[in-house]
Amino acid sequence: MSRLQRKGAPGGFLSRRNFLIASTGAGLAFGFSALVEAAMDPTVPGGAPTASAGPRFEPTLWFAIDGDGIVTVNIIRAEMGQHVGTALARILADELDVAWDKVRIVHVDSDPKWGLMVTGGSWSVWQTFPIFSQAGAAGRIALVEAGAKLMNVSPAGGTARGGVVHVGGRSISYGDIVKRGGVARTFTPEELAKLPIKPAAERKLIGKPGKALDIAAKINGTAVYGIDAKVPGMVFARPKLPPTRHGARVVSVDDGAAKKIKGYLRCLTIEDPSDTVPGWVLVIAESYPAALRASELVKVTWTAGPGASVSEKDLQDHAAALIAKPDVGALLDTKTADTAPAFQAAKSVLEQTYTTATVLHFQLEPLNALAFEKDGVMEIHTGNQWQSLILPTLAKALDRPETSIVMRTYMLGGGFGRRLTGDYAVPAALAAKALGKPVKLVLTREDDARFDSVRSPSVQKVRMAFDGAGNILAQEHHAAAGWPTLANAPALMPKGKNGVAYDPFAISGADHWYEVGAHKVRAINNDLANETFRPGWLRSVGPGWTNWASESFIDEAAHHLKTDPVALRLKLLTGAGANAGGDASTKGGARRQAEVVRRAAEAAGWGQPLPKDTGLGLATSFGQERDMPTWVACVARVHVDRASGVVTVRKLTIVTDAGTIVDPDGARAQTEGAALWGLSMALHEGTQFVNGQVKDVNLDTYAPLRIADTPELDIRFVDSVEVPVGLGEPATTVVAPAIANAIFRAVGVRLRHIPITSAAVLAALSGKG
């Protein structure tokens with residue numbers, strides 16, 4: 001999000017103008033009666049927040065306290081299994097100094113007052129930490145002063161502990177202060193910015209074990225997901241999907257056979273001014289089973305758009321051809337992009353090409369949306385990660401202002417970036433407008449896969465120049481892939497040094513923290529990919545492929561130099577110059593990355609003897625973005641069966657420095673999930689485009705990591721009080737190269753494409769790879 005909106009930018013959710021404390025004890029400055037109807041309390045069966053009785057102290061958008069001392073924290077982030085509400089509430093509650101059992105969370109709707117709403121990029125804790133810390137601290141100060149006033153004592157020396165103000169030998173609870181009123185304190189934005197937050201040693205919630213606030217509902221089945229949304233009188237819809245994602249047109253619809261299905265109502269050809277779902281036909285019925293059965297009998301004839309004959313090989317060949325053109329693409333603003341002199345002076349040059357396959361999201365809950373108009377407002381009920389992105393598209397599609405559209409909040413049965421794009425809400429909304437009644441659209445698993453905004457296949461060429469004395473003179477990294485930001489949010493693309501706009505999320509990671517002399521990074525849009533499908537953001541996005549190439553290549557460079565790959569990494573992670581780190585988020589720079597490399601290697605037993613055909617491989621990264629580095633290193637221990645080519649990952653040792661760990665249990669869960677996703681994409685996941693569509697559309701042929709293949713996980717965090725950064729994705733980026741590097745050390749063959757199949761290993765072992 002740092003590239004979407006800077007911290008404190010006017011109008012953004014981080015604006016300090018949202019944190020003015022200017023309320024009286026019974027004040028209701030923001031009128032939460034509407035919120036109670038719109039928001040979702042994940043701890044309550046059915047999700048409806050409980051309306052509080054009596055007065056509330058509601059000093060900011062972000063929290064309120066009632067007369068019982070219950071603190072309700074408002075969460076704008078989407079909950080998709082990562083316990084984000086628990087992590088963020090800990091930040092505020094710690095500074096406000098309340099007991100954890102007095103804290104509740106509410107996930108809010110898309111009212112404009114919340115500002116930019118997006119959940120992705122591992123940004124939630126990093127971006128919210130300073131804001132919620134200040135809000136909590138300001139609230140605590142205001143309550144201490146109000147409590148002192150109510151007790152007729154000076155506030156000097158007053159403190160707050162566990163929701164109780166102590167001052168002058170007397171005490172009063174937050175709840176009693178709220179009930180008696182009298183809180184009247186204003187903080188200017190400048191005062192808020194200067195508010196000191198607690199020293200780490202005084203924190204009671206951050207970094208300590210604790211119970212997730214929404215865990216019970218997730219376990220007992222009372223949590224409400226988008227697919228559970230319902231209203232009286234709604235009809236159901238299943239789409240008939242066109243042969244291409246872009247440019248398809250409906251020629252004819254024959255629903256004669258479908259009319260025999262009880263409950264079938266009609267077919268609806270979607271006319272979409274936003275061009276989000278061209279060529280869609282919805283099969284409408286009184287029930288979803290009827291819509292399913294009828295949809296199998298409806299015959300639609302289309303004219304296909306571009307990309308109808310494109311294959312995976314076409315996409316990869318086109319990417320390679322683009323890389324071969326030196327003037328194509330955007331140059332990142334690296335230290336010295338002119339590498340030509342170094343390569344001309346080099347004693348040796350190493351060059352390799354790495355590729356990755358198309359990857360699907362396959363979140364557990366298939367895409368769905370319920371839409372209807374109520375009191376002049378089009379309501380969209382669905383789980384979504386980036387409400388602020390899809391609202392303008394919905395407005396264009398419906399030809400109505402954004403202010404008359406609201407997205408209600410639900411839990412997500414998995415997101416992983418798929419629900420950053422809210423394209424699935426568009427056909428539901430258009431159908432509701434056309435029919436004048438609520439429409440619940442549900443995609444089947446096959447529909448979901450075919451309509452997925454997949455992770456694009458990629459091709460990367462990496463080159464390095466050496467001086468003959470063991471030193472690196474220069475490196476080039478050329479990466480071509482479909483660009484998700486170009487497809488979904490082109491206004492957010494910056495320009496490179498050569499003036500060419502590029503997708504920062506498709507190249508992040510290539511701008512690494514190693515000292516390699518001159519460093520050229522070129523980002524190239526695979527235009528054939530963007531014409532054929534809609535590239536999407538999938539967990540870890542660009543670093544999921546850039547780090548595959550970068551960290552495989554560093555190992556190859558070590559082999560070229562006849563040195564240990566861990567020793568080479570430590571030599572290059574100097575932390576000097578451009579890699580020293582600057583602001584609070586990057587403090588320590590590459591020296592912190594070197595430390596996680598050292599710790600991971602030591603923990604995994606680097607250098608110790610291993611059984612035959614078993615190897616250790618290490619990879620490291622800074623996670624997602626240079627301005628929010630999460631330092632992570634992974635050592636994979638693998639065994640290779642020379643007869644079958646099967647690679648078995650025995651153990652992953654991961655060391656992470658993410659600064660302050662806010663929620664230890666959540667941090668571990670996030671890292672475990674990210675690492676296993678990385679393993680899944682390294683050895684198991686991957687599909688191909690055939691005639692413009694993905695080959696695999698269900699889990700009978702698309703086989704992510706199974707439980708039986710889960711290795712031992714040794715996950716460790718560096719104890720730190722630095723700025724907390726992201727944890728949802730960084731571990732994903734290191735597993736695949738660590739495995740490839742381990743395979744090389746085990747059996748001496750180098751794999752340069754993921755997923756790594758047993759057939760590819762056998763071919764490499766036979767010298768045919």
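These are my notes from a look through this structure.

**Getting started.** I noted that this is a predicted model. I then looked up the secondary structure of the protein chain and found 20 helices and 28 strands.

**Overall dimensions.** I checked the C-alpha trace along its principal axes, and the protein chain spans about 80 × 75 × 50 Å. Next I wanted to know how the radius of gyration fits a compact globule. For 769 residues such a globule would come out near 27 Å, and the protein chain has 27 Å, so the two agree.

How much of the protein chain is buried? I got 61% of the 769 residues. I used under 20% relative accessible area as the cut-off for calling a residue buried. As for the surface, the protein chain exposes about 28100 Å², and 53% of that comes from carbon and sulfur atoms.

**Contacts along the chain.** I took the contacts between residues at least 6 apart in sequence and asked what share join residues at least 24 apart. That share is 78% in the protein chain.

**Charges.** I counted 82 positive and 75 negative charges in the protein chain. Their mean positions sit 1 Å apart.

**Domains.** I looked up the domain assignment, and it gives domain 1 as 39-220. Domain 2 is written in two pieces, 229-306 and 367-442, and domain 3 is too, as 313-358 and 454-766. I then checked domain 1 against domain 2, and their C-alpha centres lie 38 Å apart.

How values were computed
Residues numbered from 1 in each chain as written. Predicted model: local features only at pLDDT ≥ 70, side-chain atom pairs only at ≥ 80, totals over all residues. Heavy atoms only, no water. Helix = DSSP H or I, 4+ residues; strand = E, 2+ residues; numbered from the N terminus. Rg over C-alpha atoms; globule rule 2.2 N^0.38 Å. Buried < 20%, exposed > 50% of the residue type's maximum accessible area, 1.4 Å probe, protein only. Contact = heavy atoms within 4.5 Å. Areas by Shrake-Rupley, 256 points an atom, 1.4 Å probe, with all protein chains shown as cover. Lys, Arg positive; Asp, Glu negative; His and termini not counted. Charge placed at Lys NZ, Arg CZ, Asp CG, Glu CD. Domains from an automatic or database assignment.
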